[in-house]
Amino acid sequence: MSKEQIFVGLEIGTTKICVIVAESRAEDQISILGVGETPSRGIRKGEIVDMATVTECVREAIVDAEEKTNVEIGNVWVAITGSHLRSFNNRGTLILPHPRQIEQADLDMVQTNAKEIALPPPNTFLHTILQAYHLDGNRNVIDPLESEGMQLEADFHIVHGVKTRITNHLRCVEALNLEIEDVVLSSLASAQVVVTQHQKDIGVLVVDIGGGTTDYLIYLDGAVRHSGVLAIGGDHITNDISVGLKLPIARAEILKIQEGSATDPDASEGGVITLKNDPGFLGCDIDRRSLGTIIHCRVKEIFELLKRDVENAGGDLLGLLGAGVMITGGCARLRGIAAVASDVLDQAVQVSTARNVGGALQTFENPQYSTAIGLTKYARLITKDSHPEGMLERIAQGFGGIFKRGSR
Amino acid sequence: MGVGNAGVTILDLLAVESPGKKGLLVVNNDPESLSASVVTERIAVPEGDPGEGFRAIDGEFGRAVSGASSVVLCGGLGGGSGSFLLPALAILAKSHGITVAACVGMPFSFEGRDKKELAEGALEKLYTVCDAVAVIENDRLSAGAPSTTAVGEAFTLSDRTLLASFTALHRMISTLGPVKITRSDLKNVLGIPGTRTFFGAGMAGGPNRLHEALEMAFKSPLLSAPGRTTPGSALTGVPSVLLLLQGPPDLSFAEVQMAVSEIERIAGESCQIKTGVHTDLSAGSPITLSVIASSGGARRPEKPVGTRVSEAAPETDGVPPRVEVLKAPPSVQGSSAQTTTTTSRKTSAKMPAITKQTQGTLDLDTYQRGRFDKSERTIVAGEDLDIPTFLRRGIKLTPPHRN
């Protein structure tokens, strides 16, 4: 058995369904073997509205990936987003009867304590991400295991969402007899590949603007400090263009991709864009400045909403970002988006794609794939973390055996 | 309890719309109106001097209300029967130790000055007796209605509104569970003479029911401060709000939270929100949301249309208190809600400076969601984010030029 392990990331996005098949490499690295992809139908704002159609789309994407990579896909890591997801930070505390060495059970206990918070009844926990341990007032202990102490505290970033919506998201994967390894917040997945560990340490805001949602996540001191989902994305820009310029949606989408720019229209040159006649569509001349205004207003608003949310989270997080803002997701390709973000957020802004990834180069240079690639990277990190025993142990537990290459 | 001709009409409407409703009672001194009523529990007051006729029914009334813990009186002021009977019955009910709430309609000014004075006198008496009083001013309701509005239509609107406020008050006072609005809450908001009261209600079903109901309630003309485009803006700065949510058993905790936080956002953090939740409707029925708020403190004078409520100064002379009540009744949510919304918009059209914004907002909600028309709304800080930003900001574009 080779030491490589295969991870499959599945992102059921508003615009496309994307399957990334990646192989583990040494030192937490991954290498992409191939990508399966289909356009999405039956999804609005990151959430499923037509189960049967989505299931079919997912099947097509999986088959596509299997054909391209010659890997039989059995287990997947699924990304999730949606406006119902909420997050907060909480601290768990455990006080031992007398000082002793901290055990794994204590760490589990302190995590359970942190989760003892009344969520709204329809909600369930999605992630409980460790920020830092504190032992007897000694702050930011990296690994308290086997240290001696009495009062163990831990800060967590907790993400929760409406249970039924999460399960609906998963149901169309389960319907295809795929095993779900884990469900991962989209922004958390993206962040794994678009920012470096150094950026996470000095503070960075990752913004993933997809078709239906804008997902964002703040890393500070190497830990997730804040996350959120805004149910606005590229679809909204397209819809705005369609409404404002009275164009069919498909036409508006093409216009956005070919000519769209988020730059402040006052600063750009005017002019006219001529759309040609099409069957069922009478050609027309579009005022470039109007197009610019529509896009600029929307993009600016997205960042304003995002800024307001981050400010409401308290702690002047924006002021602490040493590495500024990283924008990824399909919408990151919109011209001028970084400048608008920079204006609103008053930060250094870069458009970023997946990095530190090997394999099919053309794939990961597109910010559209950040989430799906990030899933595989996340999988790689988690798998290593929770199974320090190594691969053999994992296979013995009944996992991983399905990842046989060339079995098709 | 419907009192007087108008009261009988309204209870008839109620009885027809929700057959089988118990505890309805009509009282009038006009035998014709009584015999035509569909409500079976009736008390006829002998004609002639209201004082005497009234003593005659003391015993009968006492039996009718025995065992009840509260009574909601409903009628029109300014006429011959309601103006006398309502305060008298309120005193009578109070003497039985019952909580008394009243919702009354004030006459149109074209009905004559003496009617108006009679009504105002009666209203003052009501305030001294009742625990809670809600007043619908017909004048304000009709102020902005198109000039083509039929007379009959104007009266129908007034009746409908009265009925809606009546049912909401009734629900609030009947203190069903699981979360109750206490009577003292009700008294704090509606029992202070001279406060201006705002009222709105909405009803919606489906996956986004709460937002839709909230939006509908906020759009009630009397919840939108004149000249302000944001729905529900009349609530800004009020000291307390009563919120009643009624729905099927699956009404969720999160939905209640959402409603409260949305109202808190508009009203401000210092606002006390008293929430009542009734989950006694059958499964699958839509949720109904009613909001009542009072301006609190000193009396607000009736300012000319277009003055912001928040700017109105306290007044000390004898003008009676104004309480505005409006609700889109469930059964007529299509027609009536629309009519009343128009009313409010037209009202503000009298202020030229603000007219433009007002109209802009109206158009958006209905037509401009485009492909998101059927999807769940994304409402942040009162704005529907699915509507193109440039539309919400009122930015003009150059339209495409067809070849």
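This is a predicted model: local features need pLDDT of at least 70, side-chain atom pairs count only at pLDDT 80 or more; totals for chains, interfaces and linings use all residues.
Which hand does the crossing of H1(B) and H8(B) have, left or right?

Residues are numbered from 1 along each chain as its sequence is written, while chains are lettered from A and ligands numbered from 1 in the order in which they are written.

**View 1. Helices H1 and H8 of chain B cross right-handed.** For a crossing, right-handed means that the near helix is turned clockwise from the far one by less than a right angle, and left-handed means anticlockwise. H1 (residues 4-17) and H8 (residues 151-173) of chain B pack at about 70°, their axes 10 Å apart. Axes here are lines fitted to C-alpha atoms, for helices over the stretch in contact, with angles from 0 to 180 degrees between N-to-C directions. H1(B) and H8(B) are therefore roughly perpendicular (65 to 115 degrees; under 35 is roughly parallel, over 145 roughly antiparallel, the rest oblique). From H1(B), Thr9(B), Ile10(B), Leu13(B) and Leu14(B) meet Asp159(B), Leu162(B), Leu163(B), Phe166(B) and Thr167(B) of H8(B). The residues of this contact split into six nonpolar, two polar and one charged. Ala, Val, Leu, Ile, Met, Phe, Trp, Tyr, Cys and Pro count as nonpolar, Asp, Glu, Lys and Arg as charged, and the others, Gly among them, as polar.

**View 2. Chain B touches chain A.** Here 24 residues of chain B are in contact with 31 of chain A, contact being C-beta atoms, placed from the backbone, within 7 Å. Helix H11 (253-267), helix H14 (389-392) and strand E13 (401-402) of chain B each supply at least two residues to chain B's side. H11(B) gives the most, with three. Helices (H or I, at least four residues) and strands (E, at least two) are DSSP runs, numbered from the N terminus.

**View 3. Strand E16 of chain A is joined to E13(B).** Two bridges link E16 (residues 284-287) of chain A to E13(B), and the strands run antiparallel. Cys284(A) sits opposite Arg402(B).

**View 4. Asp28(A) sits in a loop of chain A.** That loop lies between strands E2 (16-24) and E3 (30-39). Asp28(A) is partly exposed, with 13 other C-beta atoms within 10 Å (20 or more is buried, 12 or fewer exposed, in between partly exposed; C-beta atoms are placed from the backbone). Asp28(A) and Ala379(A) are 351 residues apart in sequence and 10.0 Å apart in space, C-alpha to C-alpha.

How values were computed: Two residues are in contact if their C-beta atoms, placed from the backbone, lie within 7 Å. Two strands pair if DSSP finds at least two bridges between them.
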